[in-house]
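Student: I've got this one open on my screen and would like to talk it through. Can we start with how the helices pack?

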Amino acid sequence: GLNFIAGILLLSGQSVKEAILTLSALTTHYLRDYHTPKMGALDDAILVGTMLRQRRPHLHNSLMKLEIDITVHIFKWLVILFIDALPTDHLLHLWDMVLLVGKSVLVQAAFVVVDLHSRELCHSKDMMSAVDVLKQLPQMEHLTPRSFVDRVHRMRSMVPR
């Protein structure tokens, strides 16, 4: 996952040295346990799953009926910092929030992304159609980066820091 993050840093205009320093800061300070054997990202994925079960039981039950473990998808998003899940503008806004607030923003963002797609997920007829929704995330195209950041920010009281 780190190679994808480094690639985005380089594509965003950072020099190789800046990208290495940023990646180092991300992994040693902001996401200290995400890319270690402790797998902190898995703990956070489980937390999002718990939040969905408690706050969106209908969505959680729909996913369970389709035999979808949402934590698997969320874990991937967290490990690669949403690189393959969000449009680039949304992604860079989210990364700015991580740098300003901390990794709890990633949990908030994962909840928001799943919640934004709850209608499509709940109406999915089978596992494959629900997985397609989780891969394509069609609602993200209809949301400006600012609207996305605002939704993530409003979630802050739900997530322990």
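Student: Which helices do the buried residues of α3 pack against?

Tutor: Keep in mind that this is a predicted model. The buried residues of α3 include Ala-41, Ala-45, Val-48 and Leu-52. Residues three or four places apart in an α-helix point the same way, because there are 3.6 residues a turn. The partners of the buried residues of α3 are α4 (57–65), α5 (70–79) and α7 (104–116).

Student: How far apart are the end C-alpha atoms of helix α3?

Tutor: Helix α3 runs over residues 40–55, so that's 16 residues.

Student: What is the angle between helix α6 and helix α10 where they pack?

Tutor: Helix α6 covers residues 88–101 and helix α10 covers residues 145–154. Their axes are 9 Å apart, and α6 passes α10 in a right-handed crossing. The packing angle is about 35°.

Student: By class, which residues make up that contact of α6 with α10?

Tutor: On the α6 side you've got Asp-89, His-90, His-93, Leu-94 and Met-97. From α10 come Pro-145, Phe-148, Val-149, Val-152 and His-153. Sorted by class, that gives one charged, three polar and six nonpolar residues.

Student: Phe-82 has a positive phi although it is not a glycine; is Phe-82 buried or exposed?

Tutor: Phe-82 sits in the loop between α5 and α6, with a phi of about 70°. Its relative accessible area is 0%, and the cut-off for buried is under 20%. So Phe-82 counts as buried.

Notes:
Residues numbered from 1 in each chain as written. Predicted model: local features only at pLDDT ≥ 70, side-chain atom pairs only at ≥ 80, totals over all residues. Heavy atoms only, no water. Helix = DSSP H or I, 4+ residues; strand = E, 2+ residues; numbered from the N terminus. Expected span 1.5 Å × (residues − 1). Buried < 20%, exposed > 50% of the residue type's maximum accessible area, 1.4 Å probe, protein only. Contact = heavy atoms within 4.5 Å. Axes fitted to C-alpha atoms, helices over the stretch in contact; angles between N-to-C directions. Left-handed = near helix turned anticlockwise from the far one by under 90°. Nonpolar A, V, L, I, M, F, W, Y, C, P; charged D, E, K, R; others polar.
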